[in-house]
Amino acid sequence: MFSPPRWLSYSAAVFALALIWACGEPERIPEGPAHCDLEYASPTAFSGKRKKVKAGRLRAGAAEARLNVPIGSALGAYTSRIALLGDGFYDKRDNELAYPFSPSVGIETAPRVKALALENGNDHVVILKLDLGVSYRGLVRDIELALGDDYSGKVIVATSHSHSVFGHFTGSQAFFLGFSEFRREVYEAILEDSVRVAQEAIANLDSAKIGVAYHPDFDPEDRVNRDRRSANDELAGGKQKDHHLFVVRVDTEDGKPIAMLPVFGIHGTIGHGSNMWASVDAPGYIERVLEESFDQPVVVMHLQGAAGDVSPVGSFGVNCSGRELCENYAAMESVGLKARDAILAVYEKAGESLESELPIEMMTRDVPLGPDVENLAVRDGALRYAPFDDVTIPDGEIFDEAGEIISPIDEFNAPAGAALCFESPIPLPELLLPGAQDVLAGTPYDRCIRVDALAGDEAVENLFKLKFGTPPICDTLFTTVSALRIGVTVFATLPGEPTTLLVDKLRANSPAGAEHTIVVGYAQDHTGYLLLPEDWLSGGYEPSITFWGPLEGEVIMERSLELIPLVLSEEREDAMELGVPYVRPIEEPDNLPPLDPAPRLGEVPNELPEGLLLRDGLELHSAQPSPSIERLERTSFVFIGPDPRKLTPRIRLEREVKSGEFAPVERRSGRYVEDGEILLTHTPLPLHREEGERTHYFIAEWQAVPALGEVDGLDDRFGLALGRYRFRVEMGETVIHSNAFEVRPATLEIAREADDGDDAVFRVHYRVGEGGFRLLSLEHHSSGAMPLTGAGVLTVNGASVTADGEGRVRLPLLSPGEAYVFKDRFGNEGSYTFE
């Protein structure tokens with residue numbers, strides 16, 4: 001989802017729009033898309049050279065890296081972060097890069113780009129997975145161009161749909177309200193990283209085997225994901241979510257794992273619009289947890305299925321009630337842990353059907369949309385729109401006596417499209433479809449805002465501080481679908497947020513069979529939510545982000561479905577003789593100030609300046625970490641770095657392995673502990689550039705808890721290895737280290753709850769101080785007082801005792817002055833003295 005103006009300040013925004021339209025009617029749209037500068041991609045590679053699709057020996061290669069997008073960029077997918085609505089503006093820092101959105105202030109988990117390259121001597125494909133909110137056709141094409149003509153139409157760019165990763169990458173003005181304005185500086189960084197990782201995956205190609213397995217009833221108890229769309233429950237016959245799990249497994253020929261691709265739908269919305277630390281959210285944590293199921297680096301790429309109406313289900317995580325600048329990152333990780341076992345079981349099943357020789361074919365095709373109504377007909381033309389003229393008042397009859405949609409549909413009369421179909425009517429008739437306030441009143445059509453009433457209007461653009469372009473918005477006229485065949489399995493991409501009923505229909509009609517058809521959403525481009533017409537007419541939130549009304553989703557689904565028999569045939573058809581039309585990303589350089597110099601790069605300040613942004617009650621007494629901390633406590637390191645637009649510092653945790661010698665702390669997979677466990681916060685001082693030369697301060701924050709993949713389970717996270725640690729900071733060629741600090745055992749808190757005859761009942765718990773952010777339990781909040789549960793084996797005065805599920809133990813009463821000393825299995829200790 002990108003969250004539209006729901007409007008946190010809905011009434012204020014409507015009032016502002018009313019003032020604008022009180023001054024005059026919006027201009028009519030120009031005839032035709034003459035203002036759109038469309039380019040055509042090259043035809044699909046090999047379509048004119050190799051006539052037959054042949055099986056061949058499989059080679060595969062994979063790679064991964066961080067996306068080097070600067071802190072200070074906007075975070076995408078929540079419109080509430082726009083200045084008009086106000087989420088995420090923590091201080092008064094300049095936000096030239098993010099403008100008009102709130103600037104990101106740090107990184108919790110760094111967004112990644114991952115690639116899987118496959119080839120069999122007859123065809124090849126690169127599947128890229130980026131931690132971005134949505135995909136964008138211009139980026140797909142630029143990656144193809146960088147890889148060469150042989151990759152035209154052979155690249156899939158799928159995205160995670162986290163709502164806490166960077167924006168600015170889409171040139172589609174239709175989605176500036178969700179991702180802020182296009183910034184070439186950000187776009188080129190993403191493009192460069194994507195191309196480099198794709199090329200690395202291609203360079204890693206080696207003999208391989210691939211298997212696919214399917215589970216039709218994933219997560220039946222809704223522990224991982226859930227149906228969030230209640231508006232269509234009657235249509236769907238009750239609650240229905242994406243419960244179809246596919247897992248693609250790629251191994252070397254001698255059986256070593258290369259990559260895992262779990263596919264199912266889940267939104268990345270544990271993080272809120274007020275969160276301004278970049279985070280991969282639930283979809284990314286599914287990958288991170290699965291990565292640590294292996295003893296070597298394996299590229300895990302979660303691909304989205306029908307996520308349009310599916311939300312994540314997190315555990316308790318941390319309790320942020322009453323805390324400022326607190327986000328529940330722990331709940332994000334919990335989603336991955338709850339999904340892990342079911343996914344690994346299907347991964348093992350995929351290992352039973354590994355193949356090393358099989359056919360590969362991929363096709364890419366354009367989908368022309370509006371304003372030509374002939375492009376928007378579905379079901380063999382049985383369901384279509386009446387001609388668009390922006391004048392004719394509809395008859396108001398939507399369904400016939402049998403409950404079927406009446407065709408042609410005359411209610412959606414929008415020559416430039418219509419969007420932001422809110423869940424409540426808009427009292428501004430100048431913005432709406434013809435007849436919205438009379439014959440359409442009370443229907444889903446009575447609240448859609450005409451695109452020509454928004455795009456190109458100076459007053460509207462001044463209100464939102466964004467340029468939407470001339471209507472119809474060029475990027476809404478076409479979109480892109482692809483199909484990929486690997487053996488008997490077909491991947492069908494959808495350029496938007498596919499909903500469950502639409503994906504179920506595509507799979508049910510696939511000539512490959514539903515159990516061999518993998519639908520990948522949020523891939524190749526973005527058009528908004530994709531719903532069946534009957535689902536769109538059920539109302540609710542999702543129809544608010546569509547541009548061509550109730551038929552748009554099924555139009556795109558049908559075009560994707562049409563590619564499947566082509567990739568299944570033995571002939572190598574030309575999916576698009578003229579190539580795929582698309583709008584080039586904006587070429588002009590960004591209008592941004594020059595980079596700040598960094599004369600103090602790598603300095604650790606002796607005195608802390610006022611104005612540092614401190615997350616969740618963090619108290620700083622020195623730039624250096626506290627000399628000694630207990631397990632579960634947090635510490636920090638303050639240093640001076642570069643302008644983030646030049647470089648983002650990379651932090652690594654190190655542990656002393658022998659006197660004076662430190663080594664990186666590693667996860668089970670061999671990856672270093674760098675992010676997720678280490679939060680990075682940035683403050684430029686002074687906040688305003690015009691107040692003087694700016695210094696860029698960074699705070700690395702760590703909680704003394706084992707890293708994901710460092711220990712076996714959550715119960716072991718109370719037993720971080722004791723010893724001396726330090727932070728390593730890399731800033732290009734500049735490398736600095738913090739002072740070393742000691743980690744000592746945690747203090748157990750002991751409460752005498754009651755006396756029962758000759759016994760006393762004690763409650764033993766850990767105390768997680770304010771600001772803790774790591775996941776420690778799926779059954780309790782990972783903050784405040786946490787009872788001993790799975791780690792409930794204790795020694796009390798040397799004797800073994802087991803606590804109950806709430807950390808309670810029953811012990812004989814002692815005489816005054818006598819004491820019980822409690823120790824858990826990690827050596828964390830507490831005592832109680834009788835009075």
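1. A60 faces L118, a residue of strand 5. Strand 3 (residues 59–66) and strand 5 (residues 112–119) pair in the antiparallel sense over 8 bridges. Pairing requires at least two DSSP bridges between two strands. Strands are DSSP runs of E with at least two residues, helices are runs of H or I with at least four, and both are numbered from the N terminus.

2. This is a predicted model: local features need pLDDT of at least 70, side-chain atom pairs count only at pLDDT 80 or more, and totals for chains, interfaces and linings use all residues. Residues are numbered from 1 along each chain as its sequence is written, and side-chain values use heavy atoms, with hydrogens and water left out.

3. The open sheet has 8 strands, ordered 7-6-5-3-8-10-11-13, with mixed pairing.

4. Helix 2 (residues 137–147) lies across strand 6 (124–130) and strand 7. It runs at about 140° to strand 7. Axes are lines fitted to C-alpha atoms, for helices over the stretch in contact, and angles run from 0 to 180 degrees between N-to-C directions.

5. Helix 9 (residues 500–508) packs on helix 11 (residues 552–568) at about 25°, axes 10 Å apart. Helix 9 and helix 11 are therefore roughly parallel (angles under 35 degrees).

6. L502, K505 and L506 of helix 9 meet G553, E554, M557, S560, L561 and I564 of helix 11; contact means heavy atoms within 4.5 Å. The residues of this contact divide into 5 nonpolar, 2 polar and 2 charged. Here Leu, Ile and Met count as nonpolar, Glu and Lys as charged, and Gly as polar.

Methods:
Angles under 35 degrees count as roughly parallel, over 145 as roughly antiparallel, 65 to 115 as roughly perpendicular and the rest as oblique.
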